[in-house]
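Colleague: Could you take me through this model? I would like to go through it topic by topic.

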Amino acid sequence: MENQRQDAAEAENSTELQARVAELENNWRTALADLDNLRKRTVRDTVQVRQQERKRAAKELLTVLDNLDLAIGHAEADPATIVAGVQAVRAQADLAMSNLGFPRHADDQGEPFDPQVHEAVSVVPAVGVEPGTVVQVVRPGYGGAENQLRPAAVVVAKAD
């Protein structure tokens, strides 16, 4: 009789354990499926965001391209008007870069060299200028301190 009760208790425990194992396996499979769905959704969302940003960048450049086409169409015109038109297009391109989050650095000539925003392309002796001072900007930099697209290429004064 005692053995029958033990067998019955063991059978009941075994059934409970099997049910618990089945429940945990089901939870595990659900978690795996949720993780896989999250991964797929993240990939899809990333592709969509990239496409939207590429489209936004291209829209910023459309006005610049349109005005360059107009400038080319007026190649026969007075050179002063062409220069003025190209300068206006240049200003539009700067505005587009700024709208994309990469404003053009201010003219750094006369400022101390800062490796965070400058790239020294040359060092020259300069009379009357403090060593380590930017004496010429060869290529402007774009972007802010924490989101820099490219540093400004500069010529720096060296000690005599």
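Colleague: Which residues are linked with Arg-39 in a network of salt bridges?
Modeller: Asp-36 and Lys-40 are linked with Arg-39 in that network. A salt bridge here is a side-chain nitrogen of Lys or Arg within 4 Å of a carboxyl oxygen of Asp or Glu. The model is predicted, so local features need pLDDT of at least 70 and side-chain atom pairs count only at pLDDT 80 or more, while totals for chains, interfaces and linings use all residues. Residues are numbered from 1 along each chain as its sequence is written, and side-chain values use heavy atoms, with hydrogens and water left out.

Colleague: How many salt bridges does the structure hold?
Modeller: The structure holds eight. Among them is the one between Glu-53 and Arg-56, with the closest N and O atoms 3.2 Å apart. Both residues lie in helix H1, three residues apart, about one turn of the helix; helices (H or I, at least four residues) and strands (E, at least two) are DSSP runs numbered from the N terminus.

Colleague: Turning to the strands, in what order do they form the open sheet?
Modeller: The order is E1-E5-E2, with mixed pairing. E1 (118-125) and E2 (134-139) stand at the edges, each with a single partner strand, so one side of each has no neighbour in the sheet. Two strands pair if DSSP finds at least two bridges between them.

Colleague: In which sense do E2 and E5 pair?
Modeller: E2 and E5 (residues 152-158) pair in the antiparallel sense over four bridges. Gln-136 stands opposite Val-155 in E5.

Colleague: What about the overall dimensions along the principal axes?
Modeller: The C-alpha trace spans about 115 × 50 × 15 Å along them. The radius of gyration is 33 Å, whereas a compact globule of 160 residues would have one near 15 Å; the radius is taken over C-alpha atoms, and the globule rule is 2.2 Å times the number of residues to the power 0.38. Buried residues make up 14% of the 160 residues.

Terms used. Buried means under 20% relative accessible area, exposed over 50%, partly exposed in between (1.4 Å probe, protein chains only).
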